[in-house]
Amino acid sequence: MSHTALIPSHRKPRRNASTSALRAGVAGGVLSTIAVAGAAGPANAEPVTQTIEMPTITAGLSTTVAASAEATQQVALDLETQAHEEAAATTAAKDAKKAKAEAVRKAEAKKKAEAAAKAKAEAAERASRAAARTTLQTTTSTSSSGSTAATTTSYSSNATGSAASIVSFAQAQVGDAYVPGGTGPNSWDCSGLVQAAFRTVGIDLPRVSQSQSTAGTQVSLSNLQPGDILYWGSAGSAYHVGIYVGGGQFVGAQNSSTGVVQRPLSYDMPTGAVRVL
């Protein structure tokens with residue numbers, strides 16, 4: 001007997017062919033997976049040596065997150081409110097600017113309308129005075145032979161002081177043209193001549209005859225002094241004015257036919273007189 005006949009064999013029993021094939025397939029698949037993963041990963045990637053644990057959401061963290069969300073929402077609401085307020089302020093400013101511009105436009109339109117109405121009224125007043133003076137001239141007294149009695153009489157006033165300056169200025173304009181609305185220096189209407197004469201002594205009279213007929217103290221026609229203002233019509237609504245120069249005569253811008261003349265009171269008897277000096 002061999003010396004090795006009683007020693008049991010240490011060789012493992014052979015597996016059957018199907019089991020070997022299965023294990024070979026599994027090993028091959030694992031090795032293939034490892035090879036693919038290694039190729040896809042970075043060349044210098046370090047092996048994972050520890051496991052990262054995600055924090056656990058506690059009740060305190062949940063409260064903090066909720067408070068942060070609420071604060072964010074409040075900020076958003078505040079910004080939205082501010083945006084609305086700024087938009088409202090911008091709209092109000094635009095509306096105010098537009099309203100102001102409209103008010104200015106209306107005020108200017110009203111001012112222009114009032115100026116036009118005033119100019120129209122003054123033109124009508126001047127036309128009325130001219131018509132009234134024309135009527136008065138056609139009804140002046142005549143002599144028994146039917147000739148016109150009114151004639152120009154030369155007269156040198158004995159006025160002194162301011163009255164002398166007013167009379168001198170008025171007489172210097174005799175012969176100038178009559179123009180409605182005229183204020184000189186070579187053409188006048190009745191109130192324009194009177195105003196300019198008094199301005200030579202520093203007295204600023206109103207522009208129109210109605211106002212000039214009440215600019216001083218009313219005096220009787222029997223007590224006239226050089227420099228008194230004569231008026232035709234009613235005080236406050238006079239349609240014509242002139243200047244008494246003494247000696248029963250006056251100077252006035254009568255009409256477009258005669259211009260500025262010096263005439264006796266009988267030529268066109270005034271209604272009343274006022275004394276400014």
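1. Basis. This is a predicted model, in which local features need pLDDT of at least 70, side-chain atom pairs count only at pLDDT 80 or more, and totals for chains, interfaces and linings use all residues. Residues are numbered from 1 along each chain as its sequence is written, and side-chain values use heavy atoms, with hydrogens and water left out.

2. The sheet. Six strands form an open sheet: 6 strands in the order β3-β8-β4-β5-β6-β7, with antiparallel pairing. Its edge strands are β3 and β7 (259–264), each pairing on one side only. On average, neighbouring strands are turned by 35° against each other, direction ignored. Strands here are DSSP runs of E, at least two residues, and helices are runs of H or I, at least four, both numbered from the N terminus. Two strands pair if DSSP finds at least two bridges between them. Axes are lines fitted to C-alpha atoms, for helices over the stretch in contact; angles run from 0 to 180 degrees between N-to-C directions.

3. Strand β8. Where do its neighbours attach? Strand β3 (residues 217–219) pairs with β8 in the antiparallel sense over 3 bridges. Strand β4 (residues 229–232) is also joined to β8 by 3 bridges, again antiparallel. V274 of β8 is the bridge partner of Q218 and also of I229. Both faces of β8 (residues 272–275) are covered: G272 and V274 are buried on one side, A273 and R275 on the other. Buried means under 20% relative accessible area, exposed over 50%, partly exposed in between (1.4 Å probe, protein chains only).

4. Strands β5 and β6, and the helices. Strand β5 (residues 240–246) runs antiparallel to strand β6 (residues 249–255), with 3 bridges between them. I243 has V251 in β6 as its bridge partner. Helix α3 (residues 161–172) packs on the sheet, touching β5, β6 and β7, at about 115° to the direction of β5. Helix α4 (residues 190–199) touches β4, β5, β6 and β7, at about 45° to β5. Contact means heavy atoms within 4.5 Å.

5. Aromatic pairs. The whole structure holds 2. Rings of Phe, Tyr and Trp (its six-membered ring) pair if their centres lie within 6.5 Å; planes under 30 degrees apart are stacked, over 60 edge-to-face, the rest tilted. F169 and W188 have ring centres 6.0 Å apart and planes at 85°, so the pair is edge-to-face. F169 lies in helix α3 and W188 in strand β2 (residues 187–188), so the pair ties together parts 19 residues apart in sequence. F169 is partly exposed at 21% relative accessible area, while W188 is buried at 3%.
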